[in-house]
Amino acid sequence: MEYGDAMNTIEKQQCRFFLLRYAPDAVKNEFVNVGLVLLPEAGGAELRFTRDWSRVRCLDPQADVELLEAIEADLREKLLEMNGDRDFILRKIQDQFSNALQPSEYKACLAESPTAEADELARLYLERSRRRQPRELGARQAIYHRMREKFENAAVWQVMRREIRVADFTRIGDPLKIDCGYAANATVKMFHALPLLGDVNAAKVLAFTFPRLAEGIRKAEGARAELTAVVEDNLESSDEAVGFALETLEQQSIRVAPLREMSVIAATAARELRLM
């Protein structure tokens, strides 16, 4: 028998799987798939959880992502203890996690490799669709979520100011909100996701606004203001539009930090906030 023929005769395993859904409002019955449990007939279990919480935050801006991540770790331990007892697994999930997660109905599938099948199902059910918003909005959201993730990893996101209303310090009607910030050493340090590739208008708006914002913070809080624009990695300053944006920001004393610097920025925030 040829090798290819032998591969074609590999027997597929009967498996069942169910999804774990985050549903914050039982009345609305709206949910987001955040996890998947695959159970082969032969025993054992495969668990997959999302690594992109943006859909959860879109459904519920107040979602406790840290709790959901803790549930994942707890569930992974329990699945090892249960050794594929599917009825027991389902009862445990319903009993212990029903306030945060809801299991879907079982679905059947055939798999040559339960591990590979779980990976493929996770891509199908848990990952965000690649077709989305206009590039500018999508680019800013990508930077914002990476920035937020680094602050969350440093355990400072929950104590930071978020969506700082510029109108509170300038004049009524200004729609701009700065993503986040914190006060330390008589300085308000702010951070804002700012994509520069393809459109520099947002940089011009930020540069126009910051001097007025800084003056408003000085008068209202007696503090100095610093603003960091968090931008894409590997920008080419030789690009005329990007070069113009960087120069415009620099002229207004706005620091520019690529995403690769966020770990250091978040660690600094954690150190400074611990001293408060």
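1. In this predicted model, Glu 120 and Arg 123 pair through their side chains in a salt bridge, with an N to O distance of 2.8 Å. Both residues belong to helix H5, three residues apart, or about one turn of the helix. Glu 120 counts as partly exposed because its relative accessibility is 42%, between the 20% and 50% limits. Arg 123 is likewise partly exposed, with a relative accessible area of 44%.

2. Arg 48 is buried, with 17% relative accessible area, while Asp 119 is partly exposed at 31%. In general, side chains of opposite charge can pair when their charged atoms come close.

3. Arg 161 and Glu 221 form another salt bridge, the closest N and O atoms being 3.1 Å apart. Strand S6 (residues 161–165) holds Arg 161 and helix H7 (residues 201–221) holds Glu 221, so the pair ties together parts that are 60 residues apart in sequence. Arg 161 is partly exposed, at 31% relative accessible area. Glu 221 is also partly exposed, at 36%.

4. Shared partners link some of these bridges: Glu 46, Arg 48 and Asp 119 are joined by salt bridges into one network. The structure holds 18 salt bridges.

5. Some acidic residues should be noted separately. Asp 64, Glu 66, Glu 69 and Glu 149 gather on the surface as a patch of negative charge. Of these, Glu 66 is placed in helix H3, which covers residues 65–82.

6. Two backbone positions deserve a check. Most residues other than glycine have a negative phi. Ala 186 has a positive phi, near 60°, and is not glycine. This alanine lies in the loop between strand S7 (177–184) and strand S8, and Ala 186 counts as exposed because its relative accessibility is 59%, over the 50% limit.

7. The other position is Asn 234, where phi is again positive, near 60°, in a residue other than glycine. Asn 234 is in the loop between strand S9 (224–231) and helix H8 (240–251). Asn 234 is exposed, with a relative accessible area of 66%.

8. Is Thr 187 buried or exposed? Thr 187 is buried, because its relative accessibility is 7%, under the 20% limit. Thr 187 is found in strand S8, which spans residues 187–193. Leaving aside residues up to four places away in sequence, Thr 187 touches Tyr 182, Ala 223, Arg 224 and Glu 226.

9. For the protein as a whole, there are nine helices and 10 strands. Buried residues account for 42% of the 276 residues. Of the contacts between residues at least 6 apart in sequence, 65% join residues at least 24 apart. The accessible surface comes to about 15900 Å², and 48% of that surface belongs to carbon and sulfur atoms.

Methods
Residues numbered from 1 in each chain as written. Predicted model: local features only at pLDDT ≥ 70, side-chain atom pairs only at ≥ 80, totals over all residues. Heavy atoms only, no water. Helix = DSSP H or I, 4+ residues; strand = E, 2+ residues; numbered from the N terminus. Buried < 20%, exposed > 50% of the residue type's maximum accessible area, 1.4 Å probe, protein only. Contact = heavy atoms within 4.5 Å. Patch = residues over 30% accessible without salt bridge, like charges linked within 9 Å, V, L, I, M, F, W, Y side chains within 5 Å. Areas by Shrake-Rupley, 256 points an atom, 1.4 Å probe, with all protein chains shown as cover. Salt bridge = Lys/Arg side-chain N within 4 Å of Asp/Glu carboxyl O. Lys, Arg positive; Asp, Glu negative; His and termini not counted. Charge placed at Lys NZ, Arg CZ, Asp CG, Glu CD.
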